[in-house]
Amino acid sequence: MKINGVAIEDTFAEAFTMRVARLLITGRTLGWAREAAVKLTGFATSVIGCKCEAGIERELRDDETPDGRPGVSVLFLTMDKASLPEQLIVRVGQTVLTCPTTACFDGLPEAPDRLPVGKALRVFGDGFQASKVIGGKRYWRLPVMEGEFLIEETFGMLKGVGGGNFLILARDADAALASAEAAVAAMTGLPGVILPFPGGVVRSGSKVGSQRYKNLIATTNDAFAPTLKAVTQSQLPEVVNSVLEIVLDGTDGPSIEAAMRAGIRAACRPGVQTITAGNYGGRLGPHHFYLRKILG
Amino acid sequence: MSDAITLTLMTAPTQTLVADCIAADRFAALSAQAIAALPVVHGARPATLGDFFRVRGERASVVRIEGDCARIEAIGSGMAGGELVIDGSVGRDLGVAMSGGRIDLRGNAGANAGGAPAGAARGMTGGEIIVRGSVGDEAGARMRRGLLVVTGDGGRGTGKGMIAGTVVVCGKAGSGTGRFLKRGSIVALGEVERPATFRYACTYRPPHVALLLRYLGARCRLDVASAQVTGRYERYSGDLAELGKGELLRWVGE
């Protein structure tokens, strides 16, 4: 299978079940909402080192938010149920609570599993906090130096999907980067999906474990590192000199598939040799996204 | 089972009619005959709901009342769920001791709407009362939880002794509004006389008021000006003669 002369390898991306929450952060301006969201989702690229994965899903218009202000939708994922509220409480408390003018609302109101994020953060009010029930939902009002911070008492949690991916194998680094940027542009703002890595792109894909250091859980993916082509069991064709990976997390499989479809099509540009995907032979993750099936 | 139950006032009461049997959640399990047989008190004499109302529909938690019910008291008393829509004015004690559901009144209400039964420590403990008109004295008195919205004027002692919850008055709030407030919020979009035991805190844009007014606009189709949604409010803490954890929020403009 080829798209614009780029070979689509007959393989699949292997992804994992994660726990996901969606936060709606609003602010007096989109700039302040975005500022809080950027800080909230900072250092949240991979559960390997950050214990969570997070990213901005999309920007929200005034009429899409509960308080009628501009906002940003954020997806937040962890590997297990217990660590999601822990991460959210710490991060929302240090980033959204501290950011001028912002408020924080649940973006998964139908989810039966509820995380007591606002309930935990309310004690920052030192007894001066107050709650309000509006439309059947409880909100906490925390007095702060600026005025008041408003946060919903609980946030919904669903099973999500983490680790959807595809790799761009290009003839040179410039072509790989241009292809990745085009893919990210096509995937940005699609519902139910985030790209947690810097600019949505990973240059240092990893393999499980290490050949040399026993205590490491992940090390460089030497099979896809072009500088190691001559000294390792490389999976790169002769003409490939640079590889970039797009990693995506989402609320569900169909959202991941739709985003991969848009991203791969945009990534098939001049200078790109092959699009492939990372997997572990299907042994680790229950979600398998077959590239040719998605694009077919 | 019907989509809704409609009570149409056929015989206007000549004296005060206490109809505390009218509650949307109670009607959800009753046939039309059973509803008509519910007891009421007319003057000091026992009667049935069917003596005054024609009942259409059965076993529904959405109840509509048609007719001028200004002499009928205690409608929605102790209601715990469902929706009660009243086209016309009602007497005192609308939704007293209510704990859930919604009452949407297209008219005026008498005294003690959302308040407490005589001698009780607590008024309504949940649910929403929307009065598209004015209320009598002591609406929301001793409210423990819930929401009371008055699009017209509030009487004397609106929200008196509130323990928590929210009262919104769009028109003029009467004297003594919020007196003996322990917790809870009184949002005054119109003129309000602040009790001497409330102290000014600041002028700001309370985020929960924006959320609440937007909710009322969307869910209850209340006509709320955007200047009130996004506007500035003076916050007065009180009642400092009581617990002092309540607030009176007075809209002061854009």
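In β10 of chain A, Ile151(A) is the bridge partner of Cys104(A). That pairing belongs to a predicted model, where local features need pLDDT of at least 70, side-chain atom pairs count only at pLDDT 80 or more, and totals for chains, interfaces and linings use all residues. Residues are numbered from 1 along each chain as its sequence is written, while chains are lettered from A and ligands numbered from 1 in the order in which they are written.

**Around strand β6**

- Strands here are DSSP runs of E with at least two residues, helices are runs of H or I with at least four, and both are numbered from the N terminus.
- Two strands pair if DSSP finds at least two bridges between them, and β6(A) pairs with β10(A) in the parallel sense over 2 bridges.
- Strand β3 (residues 12-26) of chain A runs antiparallel to β6(A), and 4 bridges join them.
- Thr26(A) sits opposite Ala103(A) in β6(A).
- Which way do the residues of β6 (residues 103-106) of chain A point? Ala103(A) and Phe105(A) point one way, Cys104(A) and Asp106(A) the other way, and all are buried.
- "Buried" means that 20 or more other C-beta atoms, placed from the backbone, lie within 10 Å of the residue's own.
- In a regular strand, side chains alternate between the two faces of the sheet.

**Helix α1**

- The buried residues of helix α1 (residues 30-40) of chain A are Trp32(A), Ala33(A), Glu35(A), Ala36(A), Ala37(A) and Leu40(A).
- Their cover includes β3, β4 (53-60), β5 (71-78) and α3 (83-96) of chain A.

**Where chain A meets chain B**

- 12 residues of chain A are in contact with 12 residues of chain B.
- β8 (130-134), β9 (137-143) and β10 (148-152) of chain A each supply at least two residues of chain A's side.

Note on methods
Two residues are in contact if their C-beta atoms, placed from the backbone, lie within 7 Å. A residue is buried if 20 or more other C-beta atoms lie within 10 Å of its own, exposed if 12 or fewer, and partly exposed in between; C-beta atoms are placed from the backbone.
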